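Open the model in your viewer and keep the selection tool ready.

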Amino acid sequence: MTNKTSTNFWGGLALWKKILVGMVLGVIVGAIMGPSAEMLKPIGTLFINAIKMLIVPLVFCSLIVGVTSMKDTSKMGRIGLKAIILYLGTTAVAITIGLTLANIFLPGVGLNMSITDPNVAGKEAPALVQTLLNMIPKNPVNALASGNILQIIIFALGLGIALTLCGEKGEPAIKVFESLAEAMYKLTEIVMKLAPYGVFGLMAWVAGKYGMDILLPLIKVIAAVYIGCLLHVLVFYTGMISFIGRLNPIQYLKGLVNPAAVAFTTTSSSGTLPATIKAAREEMGVSKGISSFVLPLGATINMDGTALYQGVCALFIAQAFGIDLEFSDYIVIILTSTLASIGTAGVPGAGLIMLSLVLTTVGLPLEGLAIVAGIDRILDMARTSVNVCGDLMVTILVGKSENELDESIYNKAASRLDKTA
Ligand code: ASP
């Protein structure tokens with residue numbers, strides 16, 4: 001009877017809570033067992049291998065679907081292009097903020113973790129020009145087989161655009177990729193069920209080997225991500241609203257309170273979409289046409305918070321394992337995160353899987369992923385809110401530039417919010 005209740009209790013717990021429990025138990029067990037906790041590491045390795053298994057097919061299929069879902073872009077031409085440029089441009093800024101903060105906070109410095117995967121250690125980074133030239137795969141099958149992520153991204157984007165341009169003839173293949181992408185999301189869900197155990201194994205190993213020294217760096221990661229998110233919204237977005245949109249940024253901040261709160265609690269920008277659309281129309285005065293096109297596009301391809309988080313975490317892991325990153329690695333991180341954001345689903349925890357992609361591209365050890373996984377929910381809350389705030393900012397700017405922003409509604413956002421509060 002007791003057993004049944006406890007199974008139900010565990011089974012009924014949300015995944016992120018299970019992961020947190022896994023992390024806390026791992027730290028405790030590791031601290032008690034000391035270096036002999038290494039014997040628990042294989043549980044973590046199993047989880048890491050399962051994630052590795054997902055990366056190539058997941059990225060390939062979801063990027064193709066990300067591109068083909070923008071079908072309307074060609075119809076809406078100018079508006080789509082404006083939105084996409086703003087979405088990708090702001091994502092690149094976000095990740096730069098993340099990288100900068102990780103260089104200020106240095107969350108991983110002093111951890112001195114050792115690399116166990118010999119393929120990763122001492123990897124020579126190719127020169128920047130070479131990296132850029134290499135982005136185009138001479139042989140896409142080879143790129144898929146060897147897991148060259150940048151090449152896979154470029155090929156997937158190309159194939160997605162081509163399939164869209166094929167019109168009716170492209171439809172069957174698009175359907176196949178849509179169905180495969182769905183299956184990969186399902187498989188990701190299944191693999192993520194292993195996360196609490198994987199995180200337990202790896203945290204026990206890390207805590208056993210490095211003691212409690214691991215906790216402070218994690219707090220620093222959380223601080224860097226939260227400060228970065230605040231800066232991105234309060235300085236960069238409001239700056240864009242004021243200087244490019246010539247609008248009052250305070251109204252923007254007041255209008256986004258509701259959707260940001262929904263995003264913070266649900267950690268899903270797709271799930272927040274109804275609240276985002278409502279805010280754009282009713283609080284900010286964006287027309288129906290613009291908001292119902294630009295916002296769903298944003299929930300699919302715009303992930304500023306996620307990119308910022310990936311910048312912080314990639315550097316944290318590099319620092320923790322004592323790997324020096326070159327300038328070209330930074331460029332590769334910015335490129336990969338920005339392009340990968342197109343294929344990141346707006347669902348809880350998607351950014352963590354995409355982080356594995358960024359790590360693989362610059363040759364950083366995936367063991368670091370499990371350490372971040374323990375605190376991922378806390379980070380997801382902040383990054384999803386930023387993703388949604390970014391969607392709204394771009395929608396307002398596009399609406400304004402198309403004369404589809406009712407400024408009388410926009411300027412009243414503050415007073416209406418006061419009444420509903
Ligand atoms: N949860 C995020 C979102 O829905 C994606 C992520 O995990 O970074 O926007």
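**Stop 1: the ligand**

Select the ligand and S269: an N or O atom in the side chain of S269 is 2.6 Å from an oxygen atom of the ligand. For orientation, this is a predicted model, in which local features need pLDDT of at least 70 and side-chain atom pairs count only at pLDDT 80 or more, while totals for chains, interfaces and linings use all residues. Residues are numbered from 1 along each chain as its sequence is written, and side-chain values use heavy atoms, with hydrogens and water left out.

Now show the whole shell. It has 16 residues (each with a heavy atom within 4 Å of the ligand), and the closest are S269, T306, G351, R383 and N387. Which helix gives the largest share of the shell? Helix 19 does, with four residues. Helix 17 (350–362) and helix 19 (376–401) each supply at least two residues; helices here are DSSP runs of H or I, at least four residues long, numbered from the N terminus.

The ligand sits in the largest cavity. A cavity is a set of points, on a 1 Å grid over the protein atoms alone, where a 1.4 Å probe fits but cannot get out; a molecule sits in one if more than half of its atoms lie within 2 Å of its grid points.

**Stop 2**

Select S356 in helix 17. S356 is buried at 0% relative accessibility (buried means under 20% relative accessible area, exposed over 50%, partly exposed in between; 1.4 Å probe, protein chains only). Leaving out residues up to four places away in sequence, S356 touches I51, I55, L366 and L369 (contact means heavy atoms within 4.5 Å).

Go to G399 in helix 19, also buried, with a relative accessible area of 0%. With residues up to four places away in sequence set aside, G399 touches I290, E404 and L405. Then pick the C-alpha atoms of G399 and I79: they are 8.9 Å apart, although 320 residues separate the two along the chain.

**Stop 2: helix 4**

Select T90 in helix 4. Is T90 buried or exposed? T90 is buried, at 2% relative accessibility. Its side chain makes a polar contact of 3.2 Å with the side chain of D304 (a pair of N or O atoms within 3.5 Å; within protein, one must be able to donate a hydrogen and the other to accept it, and residues adjacent in sequence count only if both atoms are side-chain atoms). Beyond its neighbours within four places in sequence, T90 is in contact with H232, F236, M240, N302, D304 and M393.

**Stop 3: two positive phi values**

Most residues other than glycine have a negative phi. L106 has a positive one, near 45 degrees, and is found in the loop between helix 4 (72–105) and helix 5 (128–134). L106 is partly exposed, with a relative accessible area of 33%.

Finish at T267, in the loop between helix 12 (257–266) and helix 13 (269–283). Its phi is positive too, about 50 degrees, and T267 is not a glycine. T267 is buried, with a relative accessible area of 1%.

Definitions and conventions: 1 Å grid on protein atoms, 1.4 Å probe; cavity = no way out; pocket = protein on both sides within 12 Å on 5 of 7 lines; lining within 4 Å.
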